[in-house]
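Keep the viewer open as you read.

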Amino acid sequence: MTFCGRPSKACLSCRQRRIKCNRAVPVCRQCQRAGKQCTGYRDEPPLLFRDENVRTVRRALRAKECSDRRNTAQLIHLNGNPENDIQHTPGVVPPSQHLTVPMDEQGLRIFFCHFATPHGVTGSKEPPRSHPFLLRIMEDGFSRQAAVAIGLAAASNSGNGPALLKFARQKYGRTLQELRQTVQAATMTKDLDYILLIILMLALFEFVDCDASSITAWAVHADGATAVLQRFSARGGFSVDYRAQLQYYFSMFIKYFFIGGSPPVDWARSSTWHMPILPTEGQPAVTLMGILMQLAQLYLTLLHGMNMPVEEVARTALAIASELAAWKATLPVTWSYELRYSTDMSHTFHGLYHIYHDAWASRVTNNYRYARLLVNDIILTYTDRNAGGYEQVSIQNQATTTITQMATEICIAASSQVYHEIYQPEIDNLSPPPASNGVFMVLFLLNVAAWGTGVPDVLFEWVIDTLRTIGHIKGIRHALYLIPKLQKIREQRKLGLRPLLFQMFP
């Protein structure tokens, strides 16, 4: 991987003074306080998708290889030998058995098997390649190259040696360079959906090939997607499918709650790229996004220590929780799901999994679950500070119950999404399931479930075991680096501390 560090997006004045910039527009807070002229910000696409000379790339690769060796030794010490997990996990074929096939085909095969939606109805572990997303990967060299990079990096992390990882990083670097050239071209030769697809795949690569110092590097590509959308929406003539657009917005909220930064509130309201008229089944997603905006604004207030009375924080959180509960109660029947039981304990949450009628509904509902857990954690924290009387005790008990309930639903949904064919479209005219199994979204969900205040030890340990399996079997190193952070949070909880979610990544 051509890893050159996360570029600073602060204004020129703050960069020169080496101080933190809040990146406000048109004038940042530091410049306003010092009475200086705020000189503005750099253009993001060239900054995020930039070329590096050969010497810089070679030096970065050598440094990253040394870091990988140290981090692998640390992970084996913390989590056990990855080879042991591969050998003792039922139903999983070690990627080393595919090494006799050509390198590109091996990378594609692992990409399809590990990161595409399971299709149990086919009777095959490898999903059919008839989905438009997968067909595009097969037919287009640009996206195929990115898929190969992800697959080979995952194979390397699963115990097939550093040679595959070097090849994967070369593929990643070439994809990044081609993307930069496409974004900076005077005329667009690729459609906007396609550009976003490539940026998404580059972000997925960062989940697979990361170390302790780059666990949030995927966020650079999320920022790149925002910059690309803003640039090309201003040109006009570009549109994005409404589901892809909403899913993008949801991913930006996840980025904010996961690692902090600028809240996705103002740009979501003022975005210049327009959304087509939504069909009825899309309205619940838009409503949920509005509730997430309120939660993000509350998080921003708590993070920056703004003068908001404790009682007002609790009232605001309770109002958001009520809106979320009402949202769930008014969902249309096409958003419903069934809770089923399986004897397969290794790939379910204690035998429980979900069956959905609509794939889109399953992905959006996961945003509801984590949001309701987060807001009830705030309720528990701020009513506890103002404790006294039956009403406060009742609110705390309800919040604790809801946190455990949402954490349980998240675990069931996460295992269902990664390991099962969970979509049975029994209603006409429903879209096919998404091509990706969303395992990278699952990492965030599992993180929230284990982070919640008062979640049972058995649930916490299930999350840790699942992250370890995803890390070793699917080759996603990001999952392994979440484990010590969650364990540290767990210890802080026992001491009575209640950190915000994105304080896991200071």
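## Helix H6 against H9

In this predicted model, the axes of H6 and H9 cross at roughly 85 degrees and come within 12 Å. The two helices are therefore roughly perpendicular to each other, since angles of 65 to 115 degrees fall in that class. On the H6 side the contact uses Met 103, Asp 104 and Gln 106, and on the H9 side Leu 164, Phe 167 and Lys 171. Sorted by class, the residues of this contact are 3 nonpolar, 1 polar and 2 charged.

H9 itself covers residues 162-184, which makes 23 residues. From first C-alpha to last, H9 reaches 33 Å, close to the 33 Å expected at 1.5 Å a residue. Which residues of H9 are buried? They are Leu 164, Leu 165, Ala 168, Arg 169, Lys 171, Tyr 172, Gly 173, Thr 175, Leu 176, Leu 179, Thr 182 and Val 183. As background for reading such a list, an α-helix has 3.6 residues a turn, so residues three or four places apart point the same way.

## Helix H6 against H8

H6 (residues 103-115) also packs on H8 (residues 141-160), at an angle of about 80 degrees and with the axes 7 Å apart. H6 and H8 are therefore roughly perpendicular to each other.

From H6, the contact takes in Met 103, Asp 104, Glu 105, Gln 106, Gly 107, Leu 108, Ile 110, Phe 111 and Phe 115. Their partners in H8 are Arg 144, Ala 147, Val 148, Ile 150, Gly 151, Leu 152, Ala 154 and Ala 155. The contact of H6 with H8 has 11 nonpolar, 3 polar and 3 charged residues.

Most residues other than glycine have a negative phi. Where does Arg 18 sit? Arg 18 is in the loop between helix H1 (12-17) and helix H2 (29-34), and its phi is near 55 degrees, a positive value. With a relative accessible area of 77%, Arg 18 is exposed.

His 350 has a positive phi too, of about 55 degrees. His 350 lies in the loop between strand S1 (337-341) and strand S2 (352-356). Its relative accessibility is 39%, so His 350 counts as partly exposed.

## A buried aspartate

Is Asp 377 buried or exposed? Asp 377 is part of helix H16 (residues 359-385), and it is buried because its relative accessible area is 5%, where the cut-off is under 20%.

Setting aside neighbours within four places in sequence, Asp 377 is in contact with Ile 403, Trp 451, Gly 452, Thr 453 and Arg 493. The charged residue Arg 493 is thus one of the contacts of Asp 377.

## The annotated domain

The unreviewed UniProt entry lists residues 10-39 as "domain: Zn(2)-C6 fungal-type". In the model, this span is 40% helix and 0% strand.

## The whole chain

How many helices and strands does the protein have? Its secondary structure comes to 20 helices and 2 strands. Of the 506 residues, 53% count as buried. Among contacts between residues at least 6 apart in sequence, 75% join residues at least 24 apart.

Terms used
Residues are numbered from 1 along each chain as its sequence is written. This is a predicted model: local features need pLDDT of at least 70, side-chain atom pairs count only at pLDDT 80 or more; totals for chains, interfaces and linings use all residues. Side-chain values use heavy atoms; hydrogens and water are left out. UniProt positions are given in the numbering used here, feature names are shortened, and annotations may be inferred rather than shown by experiment. Helices (H or I, at least four residues) and strands (E, at least two) are DSSP runs, numbered from the N terminus. The expected span of a helix is 1.5 Å times one less than its number of residues. Buried means under 20% relative accessible area, exposed over 50%, partly exposed in between (1.4 Å probe, protein chains only). Axes are lines fitted to C-alpha atoms, for helices over the stretch in contact, and angles run from 0 to 180 degrees between N-to-C directions. Angles under 35 degrees count as roughly parallel, over 145 as roughly antiparallel, 65 to 115 as roughly perpendicular and the rest as oblique. Contact means heavy atoms within 4.5 Å.
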